[in-house]
Amino acid sequence: MTRVSRNFSDTVEKEALPAVSADVIFASSRFPNYKIGAYNHIVNVKGDPKVLSMKEIVARETALLLEQQNRLSVRDLANKFEKGLAAAAKLSEEVEALAVQLTQREGELIQEKTEVKKLATFLKQASEDAKKLVDEERAFARAEIENARAAVQRVEEALQEKEQMSRASGKQDLEELMKDVQEARRIKMLHRPSKVMDMEHELRALRVQLAEKSKHSLLLQKELARSKRVEENLSHLYELDGAEVLGSYLRIKPCSDIAPELSKCAIQWYRISSEGGKKELISGARKSVYAPEPFDVGRILQVEIIYDGQLIMLTTTGAIDPAAGLGNYVEALVRKHDVEFNVVVTQMNGVDQPSESIHVLHVGKMRMKLRKGKATIAKEYYSGSMQLCGVRGGGNAAAQALFWQAKKEFSVVLAFESERDRNAAIMLARRFAFDCNIMLAGPDDRASLGT
């Protein structure tokens, strides 16, 4: 059985009637008087002139609502205008900031352009200096070569002339002796005792002279044979030990108990072109150990050993071979703007360095830099005064070390982690320097390379 609450009718009335807007303005403070007429129609009680009809009330409410809507639209437009004005002010500030940045960037670009022009002028001057130096060294080397060739030719001509004179004099003396003997026999047969006696005395004198000359000739032959035996024996006193490939080292090895100590000998290494046979002195290579560097690839190496006036020459069996895979490794490094290598400084300006702390060598497209941590030891652009080559001597570690003269008053010897890194650093630096019109080589190497 359902129970009906007392307030049910009040609740229904409240929910059924819609709320009246607060902005609605009524024509009167009270409701008009109505009454129910015939057929249940609502009829306004006449006699109240202030009471409006329903149509008028609706029209008036509609006009008020439209006016209020217009007021709201104007307010929204004002708010939007203020927001747009604020956005425009912000955009103006951003544009001004961008203009300031552009001005600063333009100044930086002008400064960079000035630096590039200075660098181009410097590189042009360095290139001209390098070309002038190459021409001077080339002329000097050609003059030295011509003088050496002339001296060798004079010595050869003198030896040939001496040998020809010795042979001609011996043959001539023998022919004269035979003629004298025949003449003596003929005179004796003609029974001329006085003439025969004279001829016999002359014959004896000639025999004595011939014996003396034969003795002198025999002494010369013995001396020549002794000299040849000494040369043959000396050539078997030493030999070259080591692989003839880039990344290894060659050592002069005694192979006889009577071989003199290498510390008492004068040693000099040379590189010889495999095609023209041109012999080039390797400046500073005066040790018993030599590690080939990239310039030696495709060339024959020769070492001269001088002891007590005797010359001993040792030569590699063939040209120095390139290291396997080194070319591809260098080509991969060329694509980088800057390449770093871990090194240890073993010498600085000719003085041994006891510290074995790790340094970093930067090989860039325009310059080289040596640093320790954040401190820069040396930083130089490629120039004609810069030198770079493998260490020419120094024991078993020579294949992992290079000599770098950054400028005339600063030079170091750097030891790398491997032979591959050492040779890659040399090839990479020389390639970048060549792109800057600089021939980067070791001491006294530019003249021979230029020719």
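Which residue forms a salt bridge with K407 whose closest N and O atoms are 3.6 Å apart? Hold that thought.

First, a caution. This is a predicted model. The mean pLDDT of the protein chain is 79. Of its residues, 75% reach 70 or more. Residues 8-17 fall below 50, and beyond near neighbours in sequence that stretch makes 0 contacts in the model. Where pLDDT is low, the predicted coordinates should not be read in detail.

Now the overview. The protein chain has 451 residues, and 26% of them count as buried. It holds 6 helices and 17 strands. Take the contacts with a separation of 6 or more: 52% of them join residues 24 or more positions apart. The accessible surface comes to about 31,700 Å². Carbon and sulfur atoms own 55% of that surface.

Next, strand 5. This is residues 266-273. Is strand 5 largely enclosed or open? Of its 8 residues, 6 are buried, so the rest of the structure largely encloses it. Look at its partners. Strand 8, residues 299-307, pairs with strand 5 in the antiparallel sense over 8 bridges. One place to look is W269, whose bridge partner in strand 8 is V303. Strand 6, residues 279-281, also pairs with strand 5, again antiparallel, over 3 bridges. There, I272 has K279 as its bridge partner. Strands 5 and 6 form a hairpin, with 5 residues between them. In that turn, G277 has a positive phi of about 75°.

Stay on strand 5 for a charged pair. R271 forms a salt bridge with D296, and the closest N and O atoms are 2.7 Å apart. R271 sits in strand 5, while D296 lies in the loop between strand 7 and strand 8. They are 25 residues apart, so to speak of this pair is to speak of a link between distant parts of the chain. Strand 4, residues 250-254, is joined to strand 7 by 2 bridges. Across that pairing, L250 stands opposite Y290.

Back to the opening question. The residue is E380. K407 is in strand 16, residues 401-407, and E380 is in strand 14. This pair links distant parts of the chain, 27 residues apart. K407 forms another salt bridge, with E409, where the closest N and O atoms are 3.9 Å apart. As a general point, side chains of opposite charge can pair when their charged atoms come close.

How exposed are these three? K407 has 32% relative accessibility and counts as partly exposed. E380 is partly exposed too, at 23%. E409, at 55%, counts as exposed. In the whole structure, a search finds 8 salt bridges.

One last stop, also on strand 14. Y381 belongs to this strand, residues 375-381. Y381 is partly exposed, with a relative accessible area of 35%. Together with F122 and M366, Y381 makes a nonpolar surface patch of about 260 Å².

Terms used:
Residues numbered from 1 in each chain as written. Predicted model: local features only at pLDDT ≥ 70, side-chain atom pairs only at ≥ 80, totals over all residues. Heavy atoms only, no water. Helix = DSSP H or I, 4+ residues; strand = E, 2+ residues; numbered from the N terminus. Buried < 20%, exposed > 50% of the residue type's maximum accessible area, 1.4 Å probe, protein only. Contact = heavy atoms within 4.5 Å. Areas by Shrake-Rupley, 256 points an atom, 1.4 Å probe, with all protein chains shown as cover. pLDDT = per-residue confidence, 0-100. Pairing = 2+ DSSP bridges. Patch = residues over 30% accessible without salt bridge, like charges linked within 9 Å, V, L, I, M, F, W, Y side chains within 5 Å. Salt bridge = Lys/Arg side-chain N within 4 Å of Asp/Glu carboxyl O.
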